[in-house]
Amino acid sequence: MSKKGSNGEAILSIYLKDFYKGWKELLDFELSNIVLEQRHANSNIDLSAVNRIRKLGVYMEIQLTKANTKYLDRIQNMMNRYPESVIIWVARSFDKVLLQELEDWMAKHNKLYIDFYALTISDEALKELHSLNKLYKLEVYDKMRGLNDIDNLLQVEYKLINLHPMHCGSVAIEPPTYDLSRPDDIKKALLKVLQKRMPYFLNFHYRKKTNLHDHVLTVGSGRSNISYRCSANNAKSLAFVELYFDFSRGKEYERFKNMEQTIRQKVHSQVIFKDRKVGVYFQPLQTYKETFEQIAEIFERFILFFSPYLYGGRDIKVLSEQEEKGAEGIQSAILTRLDFSPNRLGEDFLEEEPWETEESYRIRQEGMADFYLYNG
């Protein structure tokens with residue numbers, strides 16, 4: 001993803017994962033098991049999938065700008081990592097000289113088991129992505145369905161088919177199953193439940209880093225150094241949802257703490273404020289499925305209450321009655337269907353800079369990584 005277009009590219013990636021229906025017409029095969037990758041400094045994959053018929057991995061780089069040499073390097077690195085695969089490069093436009101350079105490089109380095117596609121994005125789609133990028137973040141997911149109305153949203157600019165039509169790879173074609181005796185798999189299964197319930201919270205769409213023995217799932221909140229954390233069964237045998245503030249966000253935590261009464265009214269009566277954490281803690285239910293669902297209900301209340309501040313830029317203060325009425329929007333429609341009753345909550349678990357957005361922080365970090373990895 002490019003620095004300037006990262007928000008729009010994230011929207012396009014999620015749209016391609018959940019809504020786009022043109023893969024068969026475009027590539028002559030369907031994509032299955034599509035997932036969005038959480039970007040790290042050493043990773044250049046935006047979207048991965050599977051060609052089920054041929055058991056081939058499909059790996060995609062997405063940018064909203066004209067293809068350039070920096071992204072050419074990324075595509076080459078991707079080909080080195082996945083020597084038997086389908087590689088797709090999506091960009092606003094491609095230069096023939098650049099594509100010829102890639103073709104020559106593939107021949108020189110014997111990339112004989114890689115099919116490559118260069119796809120262009122229509123100008124109409126770019127305009128729609130620009131409009132979507134201006135919306136309040138929780139409204140974007142449903143609105144991106146409007147991209148379905150755009151003809152030829154993606155088009156094949158160039159393709160290089162090396163694999164024999166009968167060639168079959170060896171990647172796993174079934175979605176992963178989860179071993180709930182493993183903390184890392186519990187977090188993956190929980191994330192899947194959260195994404196299904198709240199697809200409008202776009203951070204749930206990305207894979208997360210997992211640690212074998214870490215019971216806590218961490219999800220970006222929309223602001224750097226402020227994150228949501230949850231667990232279905234932590235080291236103290238409690239389930240919880242909390243909003244965690246880094247040391248650098250201590251002032252923001254104190255401002256929210258001053259809203260304690262409002263937060264207890266709007267989010268949950270058993271919310272606990274302690275050690276820069278705003279959380280709800282309870283004993284796990286009889287099954288992981290039940291615990292996941294209860295975490296999702298609490299998490300949704302957190303997201304709907306805090307997002308206007310973390311994404312929308314609203315001042316942190318106790319809302320007046322008039323402001324509350326004006327703030328309802330998407331929150332009221334979803335909150336009215338929540339039927340949540342507290343379950344054996346436990347308190348024994350708990351032990352001014354400008355507000356940079358989480359996305360701008362991520363973009364800045366990627367930019368620094370790009371400088372060192374790709375010469376800026």
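The model is a predicted one. Strand β2 spans residues 47-51, and five of its five residues are buried. In a regular strand, side chains alternate between the two faces of the sheet.

Strand β2 has pairing partners in β1 and β3. With β1 the pairing is antiparallel and runs over three bridges; Ser 32 has Val 50 of β2 as its bridge partner. Strand β3 (residues 56-62) is also antiparallel to β2, joined to it by five bridges, and Asn 51 stands opposite Leu 56 in β3. The hairpin of β2 and β3 has four residues between the strands, and in it Lys 55 takes a positive phi near 55°.

Strand β5 covers residues 114-121, and eight of its eight residues are buried. Ile 114, Phe 116, Ala 118 and Thr 120 lie on one side, with Asp 115, Tyr 117, Leu 119 and Ile 121 on the other; both faces are covered.

Strand β4 (residues 85-91) pairs with β5 in the parallel sense over seven bridges, and Val 86 has Asp 115 of β5 as its bridge partner. Together with helix α4 (residues 96-108), strands β4 and β5 make a right-handed β-α-β unit. Strand β6 (residues 154-160) runs antiparallel to β5 and is joined to it by six bridges. Here Thr 120 stands opposite Gln 155 of β6.

## Nonpolar cores

The largest nonpolar core has 87 residues, and those with the most contacts inside it are Leu 16, Trp 23, Met 144, Leu 154, Tyr 228, Phe 299 and Phe 306. Helix α10 (residues 288-310) contributes the largest share of this core, 12 residues. Apart from this core lies another, of 22 residues, among them Ile 75, Met 79, Ala 91 and Ile 114.

What is Met 144 in contact with, leaving aside its neighbours within four places in sequence? Its contacts are Ile 11, Ile 14, Tyr 15, Phe 19 and Leu 132.

## Positive phi angles in loops

Asp 28 is not a glycine, yet has a positive phi of about 75°. Asp 28 lies in the loop between α2 (23-27) and β1 (32-36). Its relative accessibility is 53%, so Asp 28 counts as exposed.

Asn 225, also not a glycine, has a positive phi of about 65°. The loop that holds Asn 225 lies between β7 (217-223) and β8 (226-231). Asn 225 counts as partly exposed because its relative accessibility is 34%.

## Cysteines

How many disulfides does the model contain? With a disulfide taken as a pair of cysteine sulfur atoms within 2.5 Å, the count comes to zero. Cys 168 has a relative accessibility of 44% and so counts as partly exposed. Cys 230 is buried, with a relative accessible area of 0%.

## The chain as a whole

The protein chain contains 13 helices and 11 strands. Buried residues make up 52% of its 376 residues. The chain exposes about 18,500 Å², of which carbon and sulfur atoms supply 47%.

Note on methods:
Residues are numbered from 1 along each chain as its sequence is written. This is a predicted model: local features need pLDDT of at least 70, side-chain atom pairs count only at pLDDT 80 or more; totals for chains, interfaces and linings use all residues. Side-chain values use heavy atoms; hydrogens and water are left out. Buried means under 20% relative accessible area, exposed over 50%, partly exposed in between (1.4 Å probe, protein chains only). Helices (H or I, at least four residues) and strands (E, at least two) are DSSP runs, numbered from the N terminus. Two strands pair if DSSP finds at least two bridges between them. A crossover is right-handed if, with the strands pointing away from the viewer, the path from the first strand over the helix to the second runs clockwise. A nonpolar core is a set of buried Ala, Val, Leu, Ile, Met, Phe, Trp, Tyr and Cys residues joined through side-chain atoms within 4.5 Å. Contact means heavy atoms within 4.5 Å. Accessible areas come from the Shrake-Rupley method with a 1.4 Å probe; for residues, only the protein chains shown count as cover.
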